[in-house]
Amino acid sequence: LKHFIASNTAQRKNINNVPGADGRIESQKVIDNLTALMENVGDKIYEKYPNMNITSGFRCFALNKAIGGSTTSEHSFGKAIDIQVSNVKTSEIYNWVVSNIPSWNQIIWEFPERESPSGGSGSWIHISYGGANQKKKTLASKKDSIHKSYGGNRRGNYQDGIQTANQSY
């Protein structure tokens, strides 16, 4: 649990990020969601990539607001994690999850243009579990050229429906 609630922003802004502390969601519900997320998604990724780093897990509503997260963020319910893997491109992680993990709700390939040449920093993968299991695939990028290479409908920095991640774009 400590890996899911750790947050430099929460510490810096003196926000209590313990599940249930803000009274918005019962702590046991958040813990149950985090357990299901890890058993069905996170542990499987960790088996493939043992140096996986969870960069964001649970975020209470105050922390989520402080970082500018979505008001409907699945992080606030314990249903989402953001991950990076040292020396592994996020495109590889994205494609592996899509091909090998049967149950997930949403996966977002976040800002591939920020990735270091060796992978594992700047860009990250957001993945959620629980709810509709809608298998929503999304790209987040500020680069028009990346969005254009995928085609489809763009909404701000987001583009839904990408099939595979291609780091060469």
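How many nonpolar, polar and charged residues are in the lining of the largest pocket? Ten nonpolar, 19 polar and seven charged. For the classes, Ala, Val, Leu, Ile, Met, Phe, Trp, Tyr, Cys and Pro are nonpolar, Asp, Glu, Lys and Arg are charged, and the others, Gly among them, are polar.

Ground rules next. This is a predicted model, where local features need pLDDT of at least 70 and side-chain atom pairs count only at pLDDT 80 or more, while totals for chains, interfaces and linings use all residues. Residues are numbered from 1 along each chain as its sequence is written, and side-chain values use heavy atoms, with hydrogens and water left out.

Back to the pocket. The largest pocket holds about 900 Å³ of space. A pocket here is an open set of points on a 1 Å grid over the protein atoms alone, where a 1.4 Å probe fits, with protein on both sides within 12 Å along at least five of seven lines. Lining residues have an atom within 4 Å of a point. Points are joined across faces, edges and corners, and the volume is the space filled by probe spheres set on them.

The lining has 36 residues, and R59, I67, H75, D82 and H126 are the closest to the centre. Elements giving two or more residues are α2 (8-12), β1, β3 (106-110), β4 (124-128) and β5. Strand β1 gives the largest share, five residues. Helices (H or I, at least four residues) and strands (E, at least two) are DSSP runs, numbered from the N terminus.

Now salt bridges: a side-chain nitrogen of Lys or Arg within 4 Å of a carboxyl oxygen of Asp or Glu. The count is four.

Take R59 and D82. They form a salt bridge, with the closest N and O atoms 4.0 Å apart. R59 sits in the loop between β1 (52-56) and α4 (61-66), and D82 in strand β2 (residues 80-85), 23 residues apart. Buried or exposed? R59 is buried at 10% relative accessible area, and D82 is buried at 7%. The cut-offs: buried is under 20%, exposed over 50%, partly exposed in between, with a 1.4 Å probe and protein chains only.

Next, D160. It meets K136 in a salt bridge at 3.9 Å, N to O. D160 is in strand β7 (residues 158-160) and K136 in strand β5 (residues 136-140), so the pair ties together parts 24 residues apart in sequence. D160 also pairs with R155, the closest N and O atoms being 2.9 Å apart. D160 is partly exposed at 29%, K136 at 27% and R155 at 42%.
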